[in-house]
Structure formats: C-alpha cells, structure tokens
Amino acid sequence: MSASPSLVPLVLGAGGMLGRVVADALERSFPGTISATRSEIDVTDRFRLEAEVERLRPDAIVNCAAYTDVDGCEIDRDRARRVNADGAENAALAAAAVGCLVVHVSTDFVFDGRKGAPYVEGDRPAPLSEYGRTKHEGERRVAAAAPQHLIVRSSWLYGPGRGNFVEAIRARARNGGPLRVVDDQVGSPTYVVDLARALHLLIRKDARGLVHFANAGACSRYLLAREILSAGGLAATHILPITTQEAGRIAMRPANSALDTTLYASLTGERPRVWQEALRDYLGSDGRRAGGA
C-alpha cells in the first residue's frame, strides 16, 4: 500500500545539508510536511521533542539530525553519543508514543570495510570509529524503541553546503597548489538529492526495517577527487594519491564500505543512478558550481 498524499511527515535536522533537501522533496508530495531545525526541535532534548511530537501528531518522523564530523566525534565523544545514539532513540520513542513511523538515516561507517565486497543489510556491523559506533548504537536503539521503523544506511554524502568531501576538494583546488588525497578508501559517493528521493520512495512504499541506499558503483577518494576536478572545470589542478596513514586523520576509516542496494531496488522498482552521473548533475546544477566559480 502506498502512502497517502495527506501524510504529514516531520523532518528533524531540517537545517542540515541532508535535512533541507529531504524536507523539500517531501513537501512536493506531502504538502503538510513540517520542517524543524535544531533550534526548533533538538533531538537531544527528549522532553521537548516528545511534547512537540505530541502537539504536532505527525504520521512519520524523518530523523536527519546527526553529528557527522568523523574526527570531531573522536574528540567530543559525549556530543557524538548524545546526538547519534541518544538523539536517535529520543526520536524513535517520540514516534512510538504517538504510533507513527520513524525514518532514521545511518551510515556505511558502521562497517569495518574488510569484507571485500559491497555490504548487504544482513552483514554484521563492526565500526572502527566513534562516529560509526554511535551511529550503530543509534540504529539498535531505534529498532528497539519503535515498532514502526525504517533505517536507511547511506554513504559519502555530498550536496550544497560545507562539511562534505566534494565541496572540500573544490575549495582546496581553488586555493591553488597540489592536492593530496587518499587512494586506499573505497566507497559509494551519494548525492543528497538522490538519497532524499530514495527516502521519499521508501515512505510511499511503506517500507520497514533496514535498507541500504547509495549511488551505484564505487571508487576511491582519489578517483572521486579526480572526477570532481574534471566535472567542475578544475582539471588542471595537480593531485597526488596518498595512503590513509599518510593522511594522519584522527579517526579510523573503513577501507571499502561500498553498499549493496539490491533490496532498495526490489522495494521501490528503481535502481540508483551511477555516482558519476549524480556528481556531474550536482556540479552542473547551477552557474555558481559549474566552472568552479
């Protein structure tokens, strides 16, 4: 059974990179969509969250709120746990209290990257970082707290705004000088517009449980950077491949965390588009991005 156009979703974390796009996508199909930024509804404030959900009575809560700074999570573990684990549980408990669906967005970083093949939903998580551990804990708590839940893992998100790999590479390229980019981390780059569409389709299909979504295919960070420079008119920038160890980052990253999206395609009847097409769509989506201006 498909979701009714009269469905009223509540999007938490609507001020973030993903939340803004998800709210826009849902509003087109569900005009009653409610968007809440952190200042309006903070997932770490359980009692206010529950009171607002009780007042608004949404049909679904879509939790896009997260602390996604992987190295920052190692430094501020308390914040990582409050947002990614406690906050996720708070959203699920609030949903359960009013009998509605909770949609929770998670990450490929719940895996250690040692499988050597794309991860399916049944693979056992083994996070390497505090970010991955707190996101996995959030998944477990959501599933335990809310009978009606949909957990969607995605990977390597990018889109308008700071704090993502695509915009970081473009900014560094415009500043001049050679770029040093790791070549031993593999994943599936995913455009937030495509993830927002996936969430919308899964909600319309009344999907439940755990589902993986990412743009199709996989690449290393280095190959992704090369594609960013080429598609964005910055191909003249010199780029050097390095190892993760040479990068000297605080948190450990999975070596290959590509996600298998077979279940998503089965549930929705739609296969994700390839990551190169999605990336070029993003970089050519307006004049400010095209040409690196």
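## Salt bridges

Counting every side-chain nitrogen of Lys or Arg within 4 Å of a carboxyl oxygen of Asp or Glu as a salt bridge, the total comes to 23 salt bridges. Keep in mind that this is a predicted model, where local features need pLDDT of at least 70, side-chain atom pairs count only at pLDDT 80 or more, and totals for chains, interfaces and linings use all residues. Residues are numbered from 1 along each chain as its sequence is written, and side-chain values use heavy atoms, with hydrogens and water left out.

## A charged network

Let's start with a linked set: Glu74, Arg77, Arg81, Glu130 and Arg133 are joined in a network of salt bridges. Within it, glutamate 74 pairs with arginine 77, and their closest N and O atoms sit 2.8 Å apart. For burial, the scale is relative accessible area with a 1.4 Å probe and protein chains only: buried is under 20%, exposed is over 50%, and partly exposed lies in between. Glutamate 74 has 17%, so it is buried, while arginine 77 has 41% and counts as partly exposed.

Arginine 81 and glutamate 130 also meet in a salt bridge, at 3.5 Å from N to O. This pair links distant parts of the chain, since arginine 81 belongs to helix 4 (residues 77-98) and glutamate 130 to helix 5 (residues 130-145), 49 residues apart. Helices here are DSSP runs (H or I, at least four residues), strands are runs of E with at least two residues, and both are numbered from the N terminus. Arginine 81 is partly exposed at 30%, whereas glutamate 130 is buried at 6%.

## Another pair

Which residue does arginine 114 meet in a salt bridge? The partner is aspartate 112, at 3.8 Å from N to O. Arginine 114 is exposed, with 62% relative accessibility, and aspartate 112 is buried, with 17%.

## The sheet

Now for the strands, which pair if DSSP finds at least two bridges between them. Six of them make an open sheet with parallel pairing, in the order 2-1-3-4-5-10. Strand 2 (34-36) and strand 10 (209-212) are the edges; each has a single partner strand, so one side of each lacks a neighbour in the sheet. On average, neighbouring strands are turned by 20° against each other, direction ignored.

Strand 1 (residues 9-12) and strand 3 (residues 60-63) run parallel and are joined by four bridges. Leucine 12 stands opposite asparagine 63 in strand 3.

Helix 1 and helix 7 (residues 192-204) pack at about 45°, with axes 9 Å apart. That makes helix 1 oblique to helix 7: under 35 degrees counts as roughly parallel, over 145 as roughly antiparallel, 65 to 115 as roughly perpendicular, and the rest as oblique. Among the residues that meet are Met17, Val21 and Ala25 in helix 1 and Leu195, Leu199 and Ile203 in helix 7.

Definitions and conventions:
Axes fitted to C-alpha atoms, helices over the stretch in contact; angles between N-to-C directions. Contact = heavy atoms within 4.5 Å.
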